[in-house]
2 protein chains.
Amino acid sequence: MSESSAAVRNTRQRSAVSALLGEMEGFHSAQDLHAMLRERGERVGLTTVYRTLQGLADAGEIDVMRPPGGEHLYRRCSEGHHHHLVCRACGRTVEVAGPAVESWADRVAAKHGYADVSHTMEIFGTCPACAR
Amino acid sequence: MSESSAAVRNTRQRSAVSALLGEMEGFHSAQDLHAMLRERGERVGLTTVYRTLQGLADAGEIDVMRPPGGEHLYRRCSEGHHHHLVCRACGRTVEVAGPAVESWADRVAAKHGYADVSHTMEIFGTCPACAR
DNA sequence: TGCGTTTTTGACAATCATTATCGTTGCCAC
DNA sequence: GTGGCAACGATAATGATTGTCAAAAACGCA
């Protein structure tokens with residue numbers, strides 16, 4: 001019951017998933033990542049990929065996006081809290097920071113007495129390349 | 001093949017779903033609504049409930065929320081664009097308007113050349129009643 | 001009002017991402 | 001080296017959502 005044990009073991013699979021995410025650009029689904037790992041010759045179970053991604057997401061090391069009508073997408077993100085501007089057509093993603101939005105959300109929540117506030121935001125549009 | 005026909009027919013089922021949404025508070029899943037209709041004695045197929053909800057959502061008459069790890073929730077909302085502040089514990093929902101957020105999203109998207117912009121935002125927290 | 005056309009309906013099956021299960025494996029501490 | 005315990009992974013289960021297609025209902029028009 002000691003709270004000092006990290007209880008996160010350093011396994012080959014976890015490293016593989018983490019490393020793959022480090023090299024990838026953009027968002028990918030769990031099944032995507034699993035397929036890529038197999039192509040590389042890394043033998044990792046699909047279940048483990050899901051578990052690892054959840055763990056990384058909980059730890060805040062990766063970001064999860066739920067596009068309308070699709071599966072969960074995971075991505076290694078830059079530090080800190082930010083949001084995404086995603087192209088509807090090609091999926092190209094831009095990270096955007098909005099301090100004003102953060103504080104607005106906190107303020108609104110506080111006004112209604114809500115505590116322990118978090119929020120999600122996605123902006124969708126058509127990127128310049130796809131608009132043509 | 002005339003493209004001029006509005007092609008939206010006024011059926012008993014559509015009215016039933018719409019009326020039910022008009023009386024409900026808060027968000028409900030498609031399956032929820034389907035069950036309520038059955039209890040009322042309205043005979044409406046689950047497929048039709050899904051289709052009707054999608055149609056209403058497309059028309060902007062109702063709002064869709066995708067809570068993390070759950071099913072789609074539908075709700076008749078007040079006019080205009082707004083967002084939701086949802087209690088993690090009890091689901092109590094407050095509608096919040098954030099003109100500043102709207103314009104921020106549009107501005108950010110425009111800066112990156114994205115067109116035809118839309119966005120989604122949900123704020124999660126613990127409401128006063130549940131915080132105690 | 002009656003008729004034909006076209007949409008809508010609805011029961012059921014299919015899909016498919018995600019989660020649970022549970023015996024086995026391998027990491028880590030001692 | 002060894003034991004305990006968390007992680008793994010193949011498979012099955014879950015469950016919401018979507019597709020299918022014949023039958024029924026609604027609308028427009030004469």
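Reader: Which residue of chain B comes closest to the rotation axis?
Author: The model is a predicted one. In it, chain B can be laid on chain A by a turn of 180 degrees, with a shift of 0.0 Å along the axis and an RMSD of 0.1 Å. The two copies are thus related as by a two-fold rotation axis. Judged by C-alpha position, the residue of chain B that comes closest to that axis, at 2.2 Å, is Met121(B).

Reader: What percentage of the interface residues of chain B are also interface residues in chain A?
Author: The question bears on how the copies are joined. They meet through the same surface, because the share of interface residues of chain B that are also interface residues in chain A is 100%.

Reader: In what order do the elements of chain A run from the N terminus on?
Author: Chain A, with 132 residues of which 36% count as buried, contains 5 helices and 6 strands. Its C-alpha trace spans about 55 × 45 × 25 Å along the principal axes. Read from the N terminus on, the order of the elements is α-β-α-α-β-β-β-β-α-β-α.

Reader: Is Cys90(A) buried, partly exposed or exposed?
Author: Cys90(A) lies in the loop between β4 (83-87) and β5 (93-96) of chain A. Leaving aside neighbours within four places in sequence, Cys90(A) is in contact with Cys127(A) and Cys130(A). Since its relative accessibility is 46%, Cys90(A) counts as partly exposed.

Reader: Which residues does Cys130(A) touch, not counting residues up to four places away in sequence?
Author: Cys130(A) belongs to helix α5 (residues 128-131) of chain A. Its relative accessibility is 30%, so Cys130(A) counts as partly exposed. With residues up to four places away in sequence not counted, those touched by Cys130(A) are Cys87(A), Ala89(A) and Cys90(A).

Reader: What is the largest C-alpha distance among His81(A), Glu102(A) and His119(A)?
Author: For these three residues the unreviewed UniProt entry gives the feature "binding site". Although spread over 39 residues of sequence, they cluster in space, with a largest C-alpha distance of 10.3 Å.

Reader: Is Glu102(A) buried or exposed?
Author: Glu102(A) has its place in helix α4 of chain A. Beyond residues up to four places away in sequence, Glu102(A) touches His81(A), His83(A) and His119(A). With a relative accessible area of 17%, which is under the 20% cut-off, Glu102(A) is buried.

Reader: Which residues of chain B are in contact with His119(A)?
Author: His119(A) is placed in strand β6 (residues 115-126) of chain A, and its relative accessible area of 12% means that His119(A) is buried. Within chain A, its contacts outside four places in sequence are His81(A), His83(A), Glu102(A) and Ala105(A). From chain B, the residues in contact with His119(A) are Met121(B), Glu122(B), Ile123(B) and Phe124(B).

Reader: At what angle do helix α1 and helix α2 of chain B pack?
Author: Ala16(B), Val17(B), Leu20(B) and Leu21(B) of α1(B) meet Leu33(B), Met36(B) and Leu37(B) of α2(B). By class, this contact has 7 nonpolar, no polar and no charged residues. The two helices are roughly perpendicular to each other. Their axes are 11 Å apart and the packing angle is about 105 degrees.

Reader: How far apart in space are Arg75(A) and Leu21(A), C-alpha to C-alpha?
Author: Arg75(A) lies in strand β3 (residues 73-76) of chain A and counts as buried at 12% relative accessibility. Its contacts outside four places in sequence include Leu21(A), Asp63(A), His84(A) and Glu95(A). Arg75(A) and Leu21(A) are 54 residues apart in sequence, while their C-alpha separation in space is 6.6 Å.

Reader: How far apart in space are Lys111(A) and Ala19(A), C-alpha to C-alpha?
Author: Lys111(A) is in helix α4 (residues 99-111) of chain A and is exposed, with a relative accessible area of 68%. Lys111(A) and Ala19(A) are 92 residues apart in sequence, and in space their C-alpha atoms are separated by 42 Å.

Key
Residues numbered from 1 in each chain as written. Chains lettered and ligands numbered in written order. Predicted model: local features only at pLDDT ≥ 70, side-chain atom pairs only at ≥ 80, totals over all residues. Heavy atoms only, no water. Least-squares fit on C-alpha atoms with pLDDT ≥ 70 in both. Contact = heavy atoms within 4.5 Å. Helix = DSSP H or I, 4+ residues; strand = E, 2+ residues; numbered from the N terminus. Buried < 20%, exposed > 50% of the residue type's maximum accessible area, 1.4 Å probe, protein only. Axes fitted to C-alpha atoms, helices over the stretch in contact; angles between N-to-C directions. Parallel < 35°, antiparallel > 145°, perpendicular 65-115°, else oblique. Nonpolar A, V, L, I, M, F, W, Y, C, P; charged D, E, K, R; others polar. UniProt positions renumbered as here; feature names shortened; annotations may be inferred.
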